[in-house]
Amino acid sequence: MDERYDWLLDHGRRKIARGDEYEPVLAVFDELAYFSATIGETRQQKEFTSLLRDLVARGRAAGVIVVAATQRPSADIVPTSLRDLFGYRWAFRCSTGASSDVILGHGWAARGYSAADIQPTARGVGWLIIEDGEPRRTKSALLSDDQVAALAAYAARVRDDADGAA
């Protein structure tokens with residue numbers, strides 16, 4: 001990421017754009033709690049959280065898109081200082097309004113936007129908030145493992161075809 005910022009500075013630019021020599025990078029962290037509170041020593045967990053915060057804070061302009069997930073959101077796993085850096089936050093079914101607010105932001109559950117109100121049978125339904133907007137109820141596709149594998153294989157083929165055409 002620092003190399004990308006050096007490139008931006010050298011080119012008088014504020015962010016990576018389509019057509020630049022740097023392609024976007026998707027960094028996915030599935031189950032934040034595992035890395036920030038479960039494995040390793042306290043020092044390593046704090047270092048992980050600090051580095052993740054830096055990646056989220058500076059990543060967008062450098063073309064590094066961060067996606068992070070956790071099954072049981074709590075303030076010690078997703079502190080406000082980290083949560084508020086994400087431009088998009090999506091709260092799926094949570095057990096409490098407080099857990100929903102950990103993702104969406106303080107007070108949204110009391111205003112009627114609580115992921116705790118989503119029925120357990122409503123798979124893929126959640127509240128999506130974008131930047132400073134208001135949450136919107138959304139539904140994602142639920143894909144089987146075979147469908148995910150097929151989709152990934154298709155994406156790899158398309159990427160390879162595009163690289164071959166360039």
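## Salt bridges

Asp54 and Arg58 join their side chains in a salt bridge, with 2.6 Å from N to O, a salt bridge being a side-chain nitrogen of Lys or Arg within 4 Å of a carboxyl oxygen of Asp or Glu. Both residues belong to helix α3 (residues 42-59), where they stand four residues apart, about one turn of the helix; helices (H or I, at least four residues) and strands (E, at least two) are DSSP runs, numbered from the N terminus. Asp54 is partly exposed at 29% relative accessibility, and Arg58 is partly exposed at 27%, where buried means under 20% relative accessible area, exposed over 50%, and partly exposed in between (1.4 Å probe, protein chains only). Asp2, Asp54 and Arg58 are linked in a network of salt bridges.

The structure is a predicted model, in which local features need pLDDT of at least 70 and side-chain atom pairs count only at pLDDT 80 or more, while totals for chains, interfaces and linings use all residues. Residues are numbered from 1 along each chain as its sequence is written, and side-chain values use heavy atoms, with hydrogens and water left out.

Five salt bridges are present in the structure. One of them joins the side chains of Arg13 and Asp20, at 2.7 Å from N to O; Arg13 is partly exposed at 31% relative accessibility, whereas Asp20 counts as buried at 14%. Side chains of opposite charge can pair when their charged atoms come close.

Arg60 and Glu131 form a salt bridge in which the closest N and O atoms are 2.7 Å apart. Because Arg60 lies in the loop between α3 and β2 and Glu131 in the loop between β4 and β5, the pair ties together parts that are 71 residues apart in sequence. Arg60 is partly exposed, with a relative accessible area of 49%, and Glu131 is also partly exposed, at 39%.

Most residues other than glycine have a negative phi. Glu31 likewise has a positive phi, near 75°, and this residue lies in the loop between β1 (25-30) and α2 (32-38). Glu31 is buried, with a relative accessible area of 19%.

## Pockets

The largest pocket holds about 680 Å³ of space. A pocket is, on a 1 Å grid over the protein atoms alone, an open set of points where a 1.4 Å probe fits, with protein on both sides within 12 Å along at least five of seven lines, and its lining residues have an atom within 4 Å of a point; the volume is the space filled by probe spheres set on the points, which are joined across faces, edges and corners. Of the 26 residues in the lining of the largest pocket, Ala68, Phe86, Tyr88, Arg89 and Trp90 are the closest to its centre. The elements that give two or more residues to this lining are β2 (64-69) and β3 (88-92), and β2 gives the most, with six residues.

By class, the lining of the largest pocket divides into 19 nonpolar, three polar and four charged residues, where Ala, Val, Leu, Ile, Met, Phe, Trp, Tyr, Cys and Pro count as nonpolar, Asp, Glu, Lys and Arg as charged, and the others, Gly among them, as polar. The second largest pocket has a volume of about 400 Å³, and its lining includes Phe92, Arg93, Ile118, Pro120, Val125 and Leu142. In that lining there are seven nonpolar, three polar and two charged residues.

## Overall fold and a buried helix residue

The protein has six helices and five strands, and from the N terminus on its elements run α-β-α-α-β-α-β-α-β-β-α. The C-alpha trace spans about 50 × 40 × 35 Å along its principal axes, and of the 166 residues of the protein, 33% count as buried.

Ile103 is found in helix α5 (residues 97-104) and is buried, with a relative accessible area of 14%. The C-alpha atoms of Ile103 and Pro79 are separated by 9.4 Å, the two residues being 24 apart along the chain.
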